[in-house]
Amino acid sequence: MTSTVASKITDATSVAAPHTPGDAPTRRPGLPPEVRRTKALARFATTITIFTVVGHLLLGFEQSPITPVVAVLTGYATVILFETLDAWAHDRRPGYAGGRRSMVVFLLPAHITALACAMLLWGNSSVWPYVFAVAVANGSKYLFRVRVRGKARHVFNPSNFGIAVVLVLFPWVGIAPPYQFTSNTVGALDWLLPLGILMFGTMLNVGLTGKWPLILAWVAGFAAQAVVRWAVLDHALLGALLPMTGLAFVLFTNYMITDPATSPLRVGNQVVFGLTTAAVYGVLVVSEVSFGLFFALVITCLLRGVVQYAAPRLPRSWMSATRDAG
């Protein structure tokens, strides 16, 4: 949605079973991190599944109905393959081992990632761009890692990364038209649907992920970059602010940028992450780069990964300033 949904409703892309590499625990008094993480995953997965079904049946999604089915099957197959190979290479137990529940929890991030890619990309009549995006998304969790406090964490939001790679490698592939989310709604539904998604996403992020400071910083930063472009570069202010009114922006804000595994935990770092993403987006727009939201998040995640990698290697006197970048 403009990325969005993202995939966590996304990539969300991404909190997995106890052994899934790269997942960062969230914090909430009274709830163990793993329980909270599983709850968030289950709700993300349920939300995007319902939205996908309703989208194809009622809202007017443009992709073929077979697309999300193929994407999900690809997601399951690739993440099990990558996890099996990684567990074998590092002589550890696979994250999906331990029974049916462990397998279900392990597959939840892949389920979210697959449906996000299937919902946001537009590959015309070909299903292969979706398959490729899902495979790249799941592979990124194993290829791009940084070790933080002795634990390997993946750097990029999986679904956002898969979508961005496809957009770069295949210029004929685009983003699904924003109108598909409300093309068949009329009257009050035109604003009730975005409002409902906004309210549910906000409650989820306040109650489980704890990423409301990131959301506020991102929204404030997005508005600020629009004002700066208007004041300095004479861009149309209304046009620069208009994306904030769309359902795609709501989905990106509540489900993509707040991915628990690839966004910071500490309030101050969340604010920096949100403002940085907004600033990078503004630079990309000025540079006439299309699909700026996707690429802005990739760049911000990369910058965060660089800081996490460099922090332990900096002089001890600098450590306090860069500690806990995530």
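## Conventions and basis of the model

Helix axes are lines fitted to C-alpha atoms over the stretch in contact, and the angles between N-to-C directions run from 0 to 180 degrees. The structure is a predicted model, in which local features need pLDDT of at least 70 and side-chain atom pairs count only at pLDDT 80 or more, whereas totals for chains, interfaces and linings use all residues. Residues are numbered from 1 along each chain as its sequence is written, and side-chain values use heavy atoms, with hydrogens and water left out.

## Overall composition

The secondary structure of the protein comes to 12 helices and 6 strands, where helices (H or I, at least four residues) and strands (E, at least two) are DSSP runs numbered from the N terminus. Of the 326 residues, 52% count as buried; buried means under 20% relative accessible area, exposed over 50%, and partly exposed in between, with a 1.4 Å probe and protein chains only. Among contacts (heavy atoms within 4.5 Å) with a separation of 6 or more, 76% are accounted for by residues 24 or more positions apart.

## Packing of α3 against α4

Helix α3 (residues 100-120) packs with α4 at an angle of about 140°, and their axes are 9 Å apart. That makes α3 oblique to α4, given that angles under 35 degrees count as roughly parallel, over 145 as roughly antiparallel, 65 to 115 as roughly perpendicular and the rest as oblique. The crossing of α3 past α4 is right-handed, a term for the near helix being turned clockwise from the far one by less than a right angle, with left-handed for anticlockwise.

On the α3 side, F106, P109, A110, T113, A114, C117 and A118 take part, and they meet Y130, A133, V134, A137, N138, K141 and Y142 of α4. The residues of this contact divide into 11 nonpolar, 2 polar and 1 charged, where Ala, Val, Leu, Ile, Met, Phe, Trp, Tyr, Cys and Pro count as nonpolar, Asp, Glu, Lys and Arg as charged, and the others, Gly among them, as polar.

## Aromatic pairs

The whole structure holds 14 aromatic pairs; rings of Phe, Tyr and Trp (its six-membered ring) pair if their centres lie within 6.5 Å, and planes under 30 degrees apart count as stacked, over 60 as edge-to-face and the rest as tilted. In one of these, the ring centres of F82 and Y142 are 6.1 Å apart with the planes at 55°, so the pair is tilted. This pair links distant parts of the chain, since F82 belongs to helix α2 and Y142 to helix α4 (residues 128-143), 60 residues apart. F82 is partly exposed at a relative accessible area of 25%, whereas Y142, at 13%, is buried.

The rings of F156 and F161 have centres 4.7 Å apart and planes at 25°, so this pair is stacked. F156 is buried at 8% relative accessibility, and F161 is buried at 12%. Elsewhere, ring pairs link W218, F222, F249, F252 and Y281 into a cluster.

## Positive phi and a distant pair

Most residues other than glycine have a negative phi. N124, however, has a positive phi near 55°; N124 is found in the loop between β3 (121-122) and α4 and is partly exposed at 42% relative accessibility. D234 also has a positive phi, near 60°, and lies in the loop between α7 (212-233) and α8 (237-241), where D234 counts as exposed at 68%.

I66 is placed in helix α2 (residues 66-89) and is partly exposed, with a relative accessible area of 48%. Between I66 and V127 there are 61 residues in sequence but 8.6 Å in space, taken from C-alpha to C-alpha.
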